[in-house]
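Here is a brief report on one protein chain. Start with the view below, then read on for contacts, fold and surface.

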Amino acid sequence: MSDQSKFIAGLLLGAAAGAALAYLLTSDKGKEIVEEIKTAAAEAGEEVKTAAGKIEAELNEALEKGKQWASDLQSRTDSFTS
C-alpha cells in the first residue's frame with residue numbers, strides 16, 4: 001500500500017468517525033447515550049471517592065495502632081533500663 005493510499009484511507013476513516021460522532025451527538029438516541037455515559041462516569045467517580053475514603057480511614061487506623069505499639073514497646077524497654 002503506497003503512502004498516498006494510506007493517507008486517503010486514513011482520511012476516509014477519520015471522516016467516517018467524525019460523521020458517526022456528529023450523528024451520535026445530534027440524534028436523540030445519541031444524546032441519551034451521552035447522558036448515560038455522564039451518569040456512569042459520575043457514579044464511578046463517587047465510588048472511587050468512597051473507596052479512597054475507606055482506604056484513608058484504614059491507613060489512619062493502622063498508623064494509630066503502630067504508634068500505640070511503638071509507645072508500648074518504648075514503655076517496656078524503659079522499664080528494663082530503669
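Predicted model: local features only at pLDDT ≥ 70, side-chain atom pairs only at ≥ 80, totals over all residues.

K49 is exposed, at 58% relative accessibility. E46 is partly exposed, at 46%.

## Further pairs along the helix

The structure holds five salt bridges. One of them joins the side chains of K65 and E61, at 3.4 Å from N to O. These two are four residues apart in helix α2, so about one helical turn separates them. K65 counts as exposed at 55% relative accessibility, and E61 is partly exposed at 46%.

E64 and K67 also form a salt bridge, at 3.8 Å from N to O. Their spacing in helix α2 is three residues, again about one helical turn. Both ends are partly exposed: E64 has a relative accessible area of 47%, K67 one of 48%.

## The loop at S27

S27 lies in the loop between α1 (3-26) and α2 (28-81). The residue is buried, with a relative accessible area of 13%. Its side chain reaches the backbone nitrogen of G30 at 3.0 Å.

## Overall form and surface

The chain has two helices and zero strands. Its radius of gyration is 29 Å, well over the 12 Å that the globule rule gives for 82 residues, so the chain is more spread out than a compact globule. The C-alpha atoms fill a box of roughly 85 × 40 × 10 Å along the principal axes.

Buried residues make up 2% of the 82. The chain exposes about 7200 Å², with 64% supplied by carbon and sulfur atoms. It carries 9 positive and 14 negative side chains, and the centres of the two sets lie 3 Å apart.

Technical notes. Residues numbered from 1 in each chain as written. Heavy atoms only, no water. Rg over C-alpha atoms; globule rule 2.2 N^0.38 Å. Buried < 20%, exposed > 50% of the residue type's maximum accessible area, 1.4 Å probe, protein only. Areas by Shrake-Rupley, 256 points an atom, 1.4 Å probe, with all protein chains shown as cover. Lys, Arg positive; Asp, Glu negative; His and termini not counted. Charge placed at Lys NZ, Arg CZ, Asp CG, Glu CD. Polar contact = N/O pair within 3.5 Å; in protein donor to acceptor, adjacent residues only side chain to side chain. Salt bridge = Lys/Arg side-chain N within 4 Å of Asp/Glu carboxyl O.
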